[in-house]
Amino acid sequence: MRKLILAAALLGVTALAPADERVHEQVLDNGLKVIVKEDHRAPIVTSQVWYKVGSSYEHGGLTGISHALEHMMFKGTERHGPGKFSEIISANGGDENAFTSRDYTAYFQSLAKDRLAVAFELEADRMRNLTLPAAEYAKEIEVVKEERRLRTEDSPTALTAERFSATAYLASPYRNPVIGWMSDLDALSVDEVRAWYRTWYAPNNATLVVAGDVDPQQVFALAARYFGPLKAERTGVSKPRAEPPQDGIKRVLVKAPAKEPYLIMGYKATQAGGAGPDWEPYALEMLASILDGGSSARLDRELVRGSEVAASVDADYNAFTRLPEMFSLDGTPGKGHSVGDLEQALRVQVERIKNEPVSPGELERVRNQVIASKVFEQDSVFYQAMQIGQLESVGLSWRLADQYVKRLSAVTADQVQAVARKYLTDDNLTVAVLAPQPMNGKQPRTDAPGDVHVLR
Amino acid sequence: MSFAKYLTAPAVLLSSLLFAVPVGAVPNIQTWHTANGAQVLFVEAPELPMLNVRLVFNAGSAREDRPGVATLTNAMLSQGAGAWNADQIAERLEAVGSDLEVGSLRDMAWVSLRTLIRAPALDTSLGTLTTLLGDPTFPGPDLERLRKNTLVALGQDEQEPRTVGSKALYQALYDTHPYAHDPTGTKESVTAITRAELINHFRRYYVAKNTVVALVGAVDRAQAERIADQVTSGLAKGESVPPLAPVMELSQGRMERLDFPSTQTHVYVGQPGISRTDPDYFPLYVGNHVLGGNGLVSLLSEEVREKRGLSYSVYSYFLPMQQRGPFLMGLQTKNRQTEQALDVLMQTLRRFLQEGPTEAELRDAKQNLTGGFPLQIASNAKIVEQLALIGFYGLPLDYLATFNAKVEAVTATQVREAFQRRLKPDRFVTIVVGPTQNANTRGGAE
């Protein structure tokens with residue numbers, strides 16, 4: 001089921017100050033953007049450093065290098081040896097971790113509010129002073145490969161999703177997995193990781209987001225003290241690598257040991273700040289919620305209940321990406337149905353969106369869900385900081401989060417129809433199918449044809 | 001290592017009046033019983049115009065007559081109630097922006113609602129929840145659909161080494177005890193479940209005296225009392241359930257190797273651990289934080305991952321339950337490293353059993369737990385879960401208030417002795433899931 005992940009102003013449902021009055025922004029002389037969101041409900045703080053680099057900045061032969069570097073960020077600086085970062089944060093009562101995506105790499109610590117300086121000192125130190133010892137790298141890249149085996153190689157649905165992206169995109173770097181291809185991980189060297197670090201990790205390529213029970217002016221002063229001494233650097237430039245228009249449907253079959261088939265369908269679309277009118281990404285978000293914004297939305301109601309052609313099914317779209325993203329549908333067929341049946345049912349849903357305006361009741365339901373989720377998300381300071389970091393890291397403004405309810409609520413039935421007609425076309429479609437193979441690796445499966453006859 | 005202390009000035013005056021969780025304090029938990037006997041735990045949190053309601057029932061798979069009954073009973077609550085079908089129930093809640101979440105594990109089944117306080121969201125959502133719990137209709141066609149989808153989910157479980165290994169471990173640890181089987185059931189049991197079995201499970205276990213209601217949100221005590229009465233009003237008073245049978249000690253160690261076409265081998269090691277009210281809870285909890293419970297900063301992670309690069313994830317934990325839940329250790333590694341990784345795992349455990357934590361390790365673990373305590377109660381969502389656990393397991397009402405003191409009081413000797421008393425490595429169950437012959441290894445670069 002789709003969760004509404006971004007939403008905005010409170011529309012008078014609460015007496016709290018409007019969200020934007022609680023967000024404060026300052027740019028240090030070295031280019032580090034510092035954004036503080038006050039939330040005084042609990043005596044905690046989350047500190048997040050976001051770098052504008054991820055797998056979509058990588059090129060052939062070096063896939064997975066951003067994620068490998070993320071792992072190495074815990075392997076020590078001149079001042080704090082390998083593993084010390086985590087030990088110090090832990091001993092200060094902190095929760096910490098990091099994540100890499102297509103568009104960004106982020107590091108976070110959640111702590112009692114009086115420990116913010118601990119996080120700043122350590123993050124400022126590892127922004128430029130990583131030692132990247134070869135011996136540590138040799139072990140850590142093996143950990144990364146185990147992570148790839150765990151998450152992708154041995155998960156038939158994740159493997160299908162990886163093959164799907166690699167098939168859908170020709171030139172866009174979104175074709176590569178964030179964790180990287182195994183052969184690239186095998187061939188990657190610590191020198192390349194070091195060069196990648198020097199190229200992208202600098203205050204002028206980062207955003208520091210702090211949310212919690214803090215005074216913004218004190219946070220700015222603290223940021224200046226710890227991050228201020230770092231110098232602005234000449235960072236890398238990413239090539240556009242624009243995706244050429246797709247000129248026909250693409251299909252990929254993934255044969256892997258599995259028990260249940262799985263289907264992914266994706267239509268190339270646009271993103272906030274991308275080509276096309278600025279309402280389009282919001283109309284696509286609305287469309288995804290009309291289809292899958294809860295158990296009363298069309299896909300669950302008509303395909304999981306209704307015809308029972310799906311055991312589970314989702315619609316996904318994220319307007320806030322650096323490069324054009326896909327509008328995607330994925331699911332598992334219900335018992336007695338094939339992936340072909342499920343694909344057909346999803347195509348009927350897509351055609352219906354193109355041919356009939358969505359109802360006022362459906363639009364109203366999504367608006368109410370977005371208003372509610374904007375309140376609910378304030379229950380988590382971590383999530384509030386995440387939103388800011390994500391938007392800033394893909395080249396947008398955190399202010400978009402505050403405009404979200406308004407922008408989404410303004411979407412009309414005509415606009416939903418228009419984006420469906422424009423983007424959800426066959427020529428723009430990629431279909432991936434997981435075709436289960438025997439788990440014992442011996443006999444070819446004999447009962448599969450209904451599941452795999454989708455290549456037409 | 002010393003860091004400049006960073007102290008914030010007092011927050012704006014107004015907001016200090018609005019704190020439900022004053023700085024440095026813990027939530028003020030109020031408790032009472034509804035007229036028909038359900039226990040209520042309530043924390044007033046006026047800052048956000050929302051309400052979290054979580055009802056937990058002693059109605060998990062440990063109570064069911066046939067594997068899968070408890071999970072299906074729980075899932076069917078939202079498929080038909082009063083005059084509404086599944087579409088109408090979903091529509092009523094989602095049209096006002098509310099979230100409903102249901103679930104059922106071995107001990108506990110739950111129904112959780114999150115709603116705005118504003119009209120008509122609050123009344124519509126609470127009214128719907130009340131009918132779900134008071135008048136579920138268990139429509140036959142919906143049961144057939146959920147049955148089929150459960151069979152699909154069980155098929156998906158068979159294609160993931162993680163679920164294959166974890167199911168085998170519980171089966172080996174608990175044998176004839178009701179904790180042995182997976183809450184989802186088996187293909188055979190799910191195929192055989194009848195509607196009458198679900199209705200019986202509901203009537204026996206979804207009763208007020210077997211229910212805890214946790215409430216956190218922008219309502220006052222009087223409103224909270226009305227809400228608790230309302231949502232439980234349709235439940236029969238019923239009887240609280242008797243204790244589950246005790247868990248038997250394992251008589252000897254054993255290892256099972258399950259053939260699986262994967263590039264990694266998943267290793268699970270364990271034995272029955274402790275109940276939630278075990279007197280050794282804090283020494284074991286704090287000690288396990290040193291051993292394998294604190295992410296990258298734990299002995300297992302240091303030995304298996306940091307020093308040797310053998311696994312992405314390695315961990316240990318006690319999962320305390322009504323009766324003895326498991327003590328578990330796990331990792332995943334490429335197939336040819338399995339024996340090495342298992343050796344390191346066991347050597348690390350044995351050394352810890354023998355030596356216990358060093359003073360420095362214990363101090364750091366305590367600092368993480370006590371310093372991180374504010375994070376555990378930093379949101380309404382987290383507080384409502386804590387309340388439900390306190391109610392369900394009968395923990396003292398000052399559990400949150402005394403948590404840090406109890407962690408602080410743990411000594412290295414207590415940890416070592418408790419681990420030695422409780423863990424018997426020669427009687428551990430070990431489950432290894434991966435190719436048993438090289439011929440079955442699939443692709444993947446090694």
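Reader: In what order do the five strands of the open sheet in chain B run?
Author: This is a predicted model. In chain B, five strands make an open sheet with mixed pairing. Their order is 9-13-10-12-11.

Reader: Which strands of chain B stand at the edges, and why is one side of each left without a neighbour in the sheet?
Author: An edge strand here has a single partner strand, so one of its sides has no neighbour in the sheet. In chain B that applies to strand 9 (254–259) and strand 11 (314–318).

Reader: By how many degrees are neighbouring strands of this sheet turned against each other on average?
Author: Direction is ignored for this angle.

Reader: How many bridges join strand 10 and strand 12 of chain B, and in which sense do they pair, parallel or antiparallel?
Author: Strand 10 covers residues 264–272 and strand 12 covers residues 326–334 of chain B. Pro272(B) in this region stands opposite Pro326(B) of strand 12. The two strands pair over nine bridges, and the sense is antiparallel.

Reader: Which helix of chain A packs on the sheet?
Author: The helix touches strand 10 and strand 12 of chain B. Its direction makes about 105° with that of strand 12 of chain B. It is helix 4 (residues 134–153) of chain A.

Reader: Which helix of chain B packs on the sheet, touching strand 11 and strand 12?
Author: Its direction makes about 170° with that of strand 11 of chain B. The helix spans residues 281–293 of chain B. It is helix 10 of chain B.

Reader: Which element gives the most to the side of chain A that touches chain B?
Author: 72 residues of chain A are in contact with 72 residues of chain B. The chain A side has 25 nonpolar, 22 polar and 25 charged residues. The top contributor gives nine residues, and it is helix 4 of chain A.

Reader: Over which residues of chain B is the pLDDT under 50?
Author: The mean pLDDT of chain B is 92. Where pLDDT is low, predicted coordinates should not be read in detail. In chain B the values fall under 50 over residues 1–24 and below 50 over residues 439–446.

Terms used: Residues are numbered from 1 along each chain as its sequence is written. Chains are lettered from A and ligands numbered from 1 in the order in which they are written. This is a predicted model: local features need pLDDT of at least 70, side-chain atom pairs count only at pLDDT 80 or more; totals for chains, interfaces and linings use all residues. Two strands pair if DSSP finds at least two bridges between them. Helices (H or I, at least four residues) and strands (E, at least two) are DSSP runs, numbered from the N terminus. Axes are lines fitted to C-alpha atoms, for helices over the stretch in contact, and angles run from 0 to 180 degrees between N-to-C directions. Two residues are in contact if their C-beta atoms, placed from the backbone, lie within 7 Å. Ala, Val, Leu, Ile, Met, Phe, Trp, Tyr, Cys and Pro count as nonpolar, Asp, Glu, Lys and Arg as charged, and the others, Gly among them, as polar. pLDDT is the predictor's confidence in each residue, from 0 to 100.
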